[in-house]
Amino acid sequence: MKIVVLDGYSANPGDLSWSEMEKLGDLKVYPRTSEDKVVEYAKDAEIILLNKVKITRDTIDRLPHLKYIGVLATGYNVVDVDYAHERGIIVSNIPAYSTDSVVQMTFAHILNITNQVGHYANEVRDGQWSNSKDFCFWNTPIIELADKTIGIVGLGNIGMHVATIARQFGMDVFAMTSKEAAQLPEGIQKTTLDGLLSISDVLTLHCPLTPNTDKMINAERLARMKRGSILINTGRGQLVDEQAVANALADGHLLGYGADVMGLEPPSKDNPLLKQPHAYFTPHIAWASMEARARLLKIAVENVNAFIAGQPKNVV
C-alpha cells in the first residue's frame with residue numbers, strides 16, 4: 001500500500017522516526033508540498049497524511065487511488081470531509097495528543113502578561129536592574145491570578161485542563177460549553193458567551209473553528225469585555241477579528257493579547273497586531289513539544305494500521 005506524507009517536516013523535522021509507518025507500506029515523506037504539487041506527489045497514493053495541506057473536492061477527484069486521508073492534527077478543516085465521505089474515503093484525525101502542551105502554553109501566555117517575564121528578562125539584560133537604586137525594580141503592573149475570574153470558551157480536553165489548573169491558582173472559573181451544568185466538576189460554573197465577556201479578567205479560547213465561531217471575538221464583543229482584561233488564543237487565529245483586537249489593545253481596553261495562532265500563518269508583515277506592544281505571539285508551537293509530536297506519530301501509525309485492518313479509528 002502506497003503511503004504519502006505531504007508535509008512531514010512540522011511534525012518530524014528529523015528528531016523523531018517514521019520507521020513504524022514504513023512497516024505499514026511503501027512510504028514517501030515530503031517535508032512540504034505546495035498547492036500545485038499535491039496531485040503530482042499523491043497521484044498513486046492510497047493513503048495520504050497531512051497537516052496543513054488543503055485537500056479540496058477538486059484534489060480528491062484527481063486522486064483515483066485515494067482511500068484514506070489522515071490529518072496529522074486534531075483540527076481537520078483543511079479537508080473537504082463531506083466530499084471525502086461521498087467518495088467513500090475515510091478521514092481521521094489525531095485527538096488529544098497535545099492537550100498537556102497546549103494547556104502549558106496557555107498559562108505561559110497568561111503569566112507572561114500578568115508577570116511580564118519576557119519584558120523583565122530584557123530589562124535585566126539591558127542593565128536596568130544593575131542601575132537600580134533599590135534591590136528590586138518594576139515598571140509595569142504585576143498581577144496576581146488568585147481571586148481573578150477566568151472565562152473559558154470551549155470545555156473539551158484542553159479547556160477542562162485549563163479549568164483545573166486555573167482553580168489551583170485560586171481563580172474563579174466560568175465556561176461556555178455544550179455540557180450540562182450538572183455534568184461540570186465542582187468549581188466550574190456554566191454561562192453564556194455574553195456572560196463570560198462581562199465577568200472575565202482572563203478570557204481564553206479553546207473551541208473549534210466553525211462558521212459559527214469564525215471571528216466570534218469581534219469589535220462588538222470586545223467592547224463588552226472588562227476594561228483591562230486579558231485575551232488568550234491558543235485555538236485558531238480566525239476565532240478573533242485581528243484588527244478589532246489590535247484596536248482594543250491600542251486604546252487600552254485590552255491589557256494584553258497572548259496567542260499561539262494567527263488568521264494567516266505565517267502572518268503578513270503588515271498584520272495590525274504585530275504593531276501592538278501588548279500583543280504577544282508564539283509561532284504556532286503550543287502543539288510542538290517533543291512529547292506531543294511523538295504521541296502524534298504514534299497515533300498516526302495506529303490510525304493507519306486500523307484502517308488497513310478494516311477497523312478505522314478516530315474517524316471524523
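Me: Where is threonine 213 found?

Reply: Threonine 213 sits in the loop between β9 (202-205) and α9 (219-224). Those labels are DSSP runs numbered from the N terminus: helices are H or I with at least four residues, strands are E with at least two. Before we go on, this is a predicted model, where local features need pLDDT of at least 70, side-chain atom pairs count only at pLDDT 80 or more, and totals for chains, interfaces and linings use all residues. Residues are numbered from 1 along each chain as its sequence is written, and side-chain values use heavy atoms, leaving out hydrogens and water.

Me: Is threonine 213 buried or exposed?

Reply: Buried means under 20% relative accessible area, exposed means over 50%, and partly exposed is in between, with a 1.4 Å probe and protein chains only. Threonine 213 has a relative accessible area of 12%, so it is buried.

Me: Which backbone atom does the side chain of threonine 213 reach?

Reply: A polar contact is a pair of N or O atoms within 3.5 Å; within protein, one must be able to donate a hydrogen and the other to accept it, and residues adjacent in sequence count only if both atoms are side-chain atoms. Here the side chain reaches the backbone nitrogen of threonine 210 at 2.8 Å. For contact in general, the rule is heavy atoms within 4.5 Å. Not counting residues up to four places away in sequence, threonine 213 touches Cys207, Pro208, Gln238 and Leu239.

Me: What can we say about threonine 106?

Reply: Threonine 106 counts as buried because its relative accessibility is 0%. Its place is in helix α5 (residues 99-115). The side chains of threonine 106 and threonine 234 are joined by a polar contact of 3.1 Å. Leaving aside neighbours within four places in sequence, the residues in contact with threonine 106 also include Val162 and His206.

Me: What is the strand order in the open sheet of five strands?

Reply: Two strands pair if DSSP finds at least two bridges between them. In this sheet the order is β2-β1-β3-β4-β5, with parallel pairing. β2 (26-29) and β5 (90-92) stand at the edges with a single partner strand each, so one side of each has no neighbour in the sheet. From one strand to the next, the twist averages 15°.

Me: How many bridges join β1 to β3?

Reply: Three bridges join β1 (residues 2-5) to β3 (residues 47-50).

Definitions and conventions
Axes are lines fitted to C-alpha atoms, for helices over the stretch in contact, and angles run from 0 to 180 degrees between N-to-C directions.
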